[in-house]
Amino acid sequence: FNNADLNVIAMYQENEAGTYEEIGVMPTSGYVINQEESYCNVNGEKDENAILYTNSSAEHVIGNLQKGSKCYLYFDVNLCGSACQAILASKTIQERSIFSLELTANTNGTIYQAPDGEGTSYYFAGANTENWLSFAGFYWRIIRINGDGTVRIIYNGTSTSATGSGTQIGTIQFSIDRNVYKNNAYVGYMYTLNQVHGLGTSSGVKDTVDDWYERNIAISSGYTSNISTTTGFCGDRSPSTNETISNGSGGTGTTVTYYGTHVRRSSDGMPTYDCANDSDLYTIEGSGVGNEALPYPVGLITADEVWYAGGYRSNNDSYYLYTNQEYWTMSPSGFYYGYANVFSVNSNGGFSNDSVSSVIGVRPVINLKADVILTGTGTSTDPFLVN
């Protein structure tokens with residue numbers, strides 16, 4: 001475009017407050033055209049044929065204009081980095097509104113979007129075979145692109161043909177001691193007795209994940225330089241003494257309590273990527289003054305992420321998180337029947353509420369930086385590679 005073109009183009013850019021302010025120069029990077037807000041008029045009427053979007057190479061595409069067109073372009077902040085662009089290439093982006101059923105359909109060519117605390121998450125769901133990734137000598141499945149552009153991946157073994165126990169690093173009880181389960185505190189990935197959101201002590205499963213990371217990932221700066229240390233892992237401990245309505249009560253001692261994901265599912269609600277309490281968002285930097293930080297940027301999948309991916313109440317052996325093995329999430333279910341319970345994915349692909357004394361599988365989860373360069377197409381024969 002030259003200066004004359006700007007006489008027929010009005011441009012607005014998203015600011016820190018989330019509103020738009022008029023600009024005189026089209027942004028060249030870090031922004032994408034908001035296709036819903038942007039439009040062109042011809043002779044006072046909206047031009048339905050105008051093409052306005054930002055492509056996967058971050059180029060603004062404006063086409064099919066007519067003589068006399070007047071266009072209004074709205075630019076949103078783009079948190080989707082190079083990794084995000086590679087994953088979204090050739091994908092149809094859709095939204096889902098029904099989460100009360102398992103998702104078993106072949107969803108190749110599709111990725112879904114939902115809001116999270118940082119922006120928009122793009123997530124894989126159903127029987128998708130295009131989310132394979134190779135990194136650090138292991139194979140992973142991409143769970144989602146986080147709202148900050150980082151890429152969340154879950155361990156899937158040493159080959160794309162790994163099945164069953166080969167898709168996990170081992171088995172362990174969630175709590176430190178198999179006899180320690182008769183207290184609300186032990187639903188925490190980290191916990192402190194008599195505190196709902198305490199972070200003073202590591203769970204047994206956390207120690208196992210940290211040890212695996214130290215031995216397999218932390219040994220190489222070539223690996224760690226690609227991993228985000230700012231993106232956290234949420235173990236939602238929002239307490240409620242009501243199973244279907246969150247009331248903020250309970251969460252300590254032996255009080256019967258139901259936690260965030262449990263309440264959402266019991267009330268036929270919707271999953272969420274937001275973390276209700278900062279102390280439940282485990283990060284390298286720590287979760288508040290005086291709280292212990294994670295030693296390594298590794299965690300577990302959340303029950304809400306499983307729910308988004310296609311798991312629900314019944315069995316599902318047709319979505320990408322099914323492994324024919326039971327493995328832990330980091331999401332508390334509740335304290336009832338005298339036990340602290342945490343959600344797991346059972347061997348049939350559905351949800352289970354397991355006592356923290358149960359011995360089941362562990363699949364580490366890490367977040368790749370937004371600016372990593374990915375090659376490949378994401379299939380099992382051509383997985384994404386981190387370059």
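**View 1. Lining of the second largest pocket in the predicted model**. In this predicted structure, 25 residues line the second largest pocket. Those nearest its centre are Arg144, Gly232, Tyr273, Cys275 and Leu281. Two elements, helix 4 (260-266) and helix 5 (303-309), each give two or more residues to this lining. The volume of the second largest pocket is about 390 Å³. Sorted by class, its lining holds eleven charged, ten polar and four nonpolar residues.

**View 2. The largest pocket and the residues closest to its centre**. Elements that give two or more residues to the lining are strand 3 (31-33), strand 6 (51-54), strand 8 (70-77), strand 10 (110-116) and strand 11 (119-123), together with helix 1 (82-88). The lining of the largest pocket comprises 13 nonpolar, 13 polar and six charged residues.

**View 3. Helix 2 (residues 204-216), its span and its buried residues**. Buried residues in helix 2 are Gly204, Val205, Lys206, Val209, Asp210, Trp212, Tyr213 and Asn216. An α-helix has 3.6 residues a turn, so residues three or four places apart point the same way. Among the buried residues of helix 2 are Val209, Trp212 and Asn216, and buried here means under 20% relative accessible area.

How values were computed. Residues numbered from 1 in each chain as written. Predicted model: local features only at pLDDT ≥ 70, side-chain atom pairs only at ≥ 80, totals over all residues. Heavy atoms only, no water. 1 Å grid on protein atoms, 1.4 Å probe; cavity = no way out; pocket = protein on both sides within 12 Å on 5 of 7 lines; lining within 4 Å. Helix = DSSP H or I, 4+ residues; strand = E, 2+ residues; numbered from the N terminus. Nonpolar A, V, L, I, M, F, W, Y, C, P; charged D, E, K, R; others polar. Points joined across faces, edges and corners; volume = space filled by probe spheres on them. Expected span 1.5 Å × (residues − 1). Buried < 20%, exposed > 50% of the residue type's maximum accessible area, 1.4 Å probe, protein only.
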